[in-house]
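Colleague: I'd like to learn how to read the packing and the secondary structure in a model like this one. Please take me through a few features.

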Amino acid sequence: MKKILSLCFVAATLFACTSNDKAKKETDLVEPRYNTFVKESSARFMTTPDEFEDYLYLAVSSEKSQDEIIKALRDISKIPDSEITSLIDFILQKSEIDALPYSDEEGWQQQTDALLQSSLDLFSNRSASQYFTKTVIDTWLDTAGCLVPDQLDRLSKRGDGFRLIIEDGGLSRCPEAVSWIYTNFDNTAAIDLFVINETQLGDTHKLLLSKRLFESDLVTTDENTRLYLTGLYLDSLYKLGYVPEYESVLQSLPDSIRNKLIRGVKFNEAIELSGYSYPLDGAYFHFYYETLAEFLTKGNKDGAEAFKNSHFVESLHTSELLNTLIENYSSNVDLYDYFIGSSTSSFYDENEGAYWKLKGEAPGFRMLGAKIAIGNGYTHIGNSLANSISLNSAVAGTYQSVWNDVLSEHMSYENYREFVTRLDDKREVWLRHTKELVGFEEGQSNDANPVSLFTHNRNVYFKEHLMSAGDDSPNTHLQSTANLSLPIQDWSAVRVDQQGEEAFVIYQNHDVDPVGEVSGGGYWLIHSTDNGVSWSNPLYLGIQANQPYEVVRDSKLSMKEGEFVRIEVKNAAIDPTSISFPPVGLRINTDERSLYLEYKLSDIYKDSDNDGLTDILEEKLGLNALAEDTDEDGLIDSKDPLPFVKYSAEPNDYSFVLETVLDNIVGFEEQAIIVNSRSDQMVPLPEDRAEIDKMYTLFLMGNRNNYTNLQLPVRTIVLSSQEISRVRDKWGVFYPINIELFVNKSSNKAYVKWSAGWAGGTIIFEKSNNSWTVIDGSNWIT
């Protein structure tokens, strides 16, 4: 009863709570039918009561009779006794579900179905009070999470049904319910507004939804609504860098609307749409600083001052970042510390430099920062900021979401790609012109080194076949590693098959498939012809787990068939919209077809240039399978730690910095925990570094010219951002390490930030007496 007393004080005016000394046990309640309810609720209610169920718990725990319980709840809810009795019965029915053990799935389903029917009966009373109906909704959501179509249908027949569904239906986590509303309500403006503000929507769909609202009749209803919907559309355009369209829309507005949006308009009232009042208390839009940044980026400082002084004396929002950019607009002081800062945290702190802040800002801010950085001698910083604008695109979409699928069913997308493509084309023209204004330099970072072959179309070394009736006959071949001595970790083996003295083992690792915590990586084969006494070198199969295949572990298909190797697989592609770190919500898109992949064993072994790397592996690494030394620096590809970088003995001032960073990075994947999409089991990455004549591979995004003087202990593939994009197009999920290196003009300070998406770190260096020293650093992991 101790937990009850924390509530007793709060509700003292309504309930007479007994002391610990006199309190009876739960099994001795005046009304025994509440025993399960109190037992299930006692650990849940620790705060101020604010729901009907909380007050019911307090009343029952205070050892009141049924009449006293109803009277106490009547004083709180102000609803009729008949509704109170119905709610009590409904809540007690729900508490029986709460008491079920987690393993009783059948019992849970049966009792939840019964609770659903009870809710439908209660929703049928169209004259019931709002308080009553809201409590039924809340109780159901606490059990099942989302309203189902039958419930929505009953609720929609109430005069206030739409409002109840939007306000109390838990829609932000229920896309199926929102889809039902789009289908069954004619006026969808309110749900449009709800979705765009309350859900995790992809950039493409947010832009198109805000466009639909902006072009609807709603913008003519009243100025408050027009301001808000126009602001939504302008904000979507600007965040994606569609500055020309943003400026075109802004200039097309009446002066009164445009000036309010630029200066800043605050919304302190709700927008009434479709019988639903959407709250906007404290919401605002302003484009003052974006407009000012545009002036300064174009070099029109006088115009910016005139704009600032004559039109807008005040703004509802101040930007410390823009103010500091303006202060440094014509500065001759070295701005390295200003842009880079000295933070080693993965989160914002006061020591974070402007460069990192600007990467999350709108394009006007980024271009202004680029202009100042280039003018201050930091071309790399300026180029990076300018290039980052192109990474935002409504065609690619910077965020994917299940909500996109809901909207795709209820919006006309016939012309959207044409619309977005037009926006992209106009933006590229604006971007090229603006880059010229700020002094942007394209650079030739990798021209001195060979171009990778990632731009070539992918070679497919297998044929996909449907399994036939005879293929799944019982296979008597060995299905475990128990009798074999393997050069890999036993548990990394996915499929084992032995025919006489010949054995085949398929296993997974990340050596050339850096996919973070998303899956076990790529599939490899080792082959023995002497019953496992000796094994082939690891043979890459050119496929990655769940991209789209998954090897069937308990397959009955014999792997060896004449000159061919057959591997049973299923289509089980990871839904890229579900990837997050840690990947706790991965979705796998599967089909029911039984398939197998057929390779020629000779193709798996094939090494056309005799450099020690198979043709399949060389394609994965982007190397030339017809040249043993791709970069022509005297080291064959299998022995070259930097096969894309022609080695130079000429000292590189940053060699120590990069070697230190790479020492810090190598082996970081071993911190990963892989979530198996087929179960709740989590396993660490394979630790098979000692495999036969096999070199661990590190993929980096960076400038290859910075690596010419390095001698590394691991194979390192240095790629441009364009090459990485192509790798993803060819192979699927791919998380190389992005290394950003910044050095000040005096070459005595260096700042390095690295990230693999799910793990990363920062290292700060200083140089004294021609020697670099690490002065600070940190690592992070999701």
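Colleague: Which residues does Ile88 touch, leaving out those up to four places away in sequence?

Modeller: A contact means heavy atoms within 4.5 Å. Beyond those sequence neighbours, Ile88 touches Arg33, Tyr34, Phe52, Leu56, Gln66, Ile69, Ile70 and Leu73. This is a predicted model, where local features need pLDDT of at least 70 and side-chain atom pairs pLDDT 80 or more, while totals for chains, interfaces and linings use all residues. Residues are numbered from 1 along each chain as its sequence is written, and side-chain values use heavy atoms, without hydrogens or water.

Colleague: Which residues touch the most other members of the largest nonpolar core?

Modeller: A nonpolar core is a set of buried Ala, Val, Leu, Ile, Met, Phe, Trp, Tyr and Cys residues joined through side-chain atoms within 4.5 Å. Buried means under 20% relative accessible area, exposed over 50%, and partly exposed in between, with a 1.4 Å probe and protein chains only. The largest core here has 132 residues, and Ile88 and Phe339 touch the most other members. Helix α13 (residues 223-239) contributes the most, 8 residues. A separate second core of 28 residues includes Val714, Ile737, Val743 and Trp772.

Colleague: How many residues of helix α3 are buried?

Modeller: Helices (H or I, at least four residues) and strands (E, at least two) are DSSP runs, numbered from the N terminus. In α3 (residues 52-61), 10 of the 10 residues are buried, so the rest of the structure largely encloses this helix. Just after α3, Glu63 has a positive phi of about 65 degrees.

Colleague: At what angle do α12 and α24 cross?

Modeller: Axes are lines fitted to C-alpha atoms, for helices over the stretch in contact, and angles run from 0 to 180 degrees between N-to-C directions. The axes of α12 (residues 203-214) and α24 (residues 416-438) come within 12 Å and cross at roughly 100 degrees. The two are therefore roughly perpendicular (65 to 115 degrees; under 35 is roughly parallel, over 145 roughly antiparallel, the rest oblique). Thr204, Leu207, Leu208 and Lys211 of α12 meet Tyr416, Phe419, Val420 and Leu423 of α24.

Colleague: In what order do the strands of the open sheet lie?

Modeller: Strands pair if DSSP finds at least two bridges between them. Here 4 strands run in the order β6-β7-β8-β9, with antiparallel pairing. β6 (493-499) and β9 (539-544) are the edges, each with a single partner, so one side of each lacks a neighbour in the sheet. The twist averages 20 degrees from one strand to the next. Strand β8 (residues 522-528) is joined to β9 by 3 bridges, and Gly522 stands opposite Gln544 in β9.
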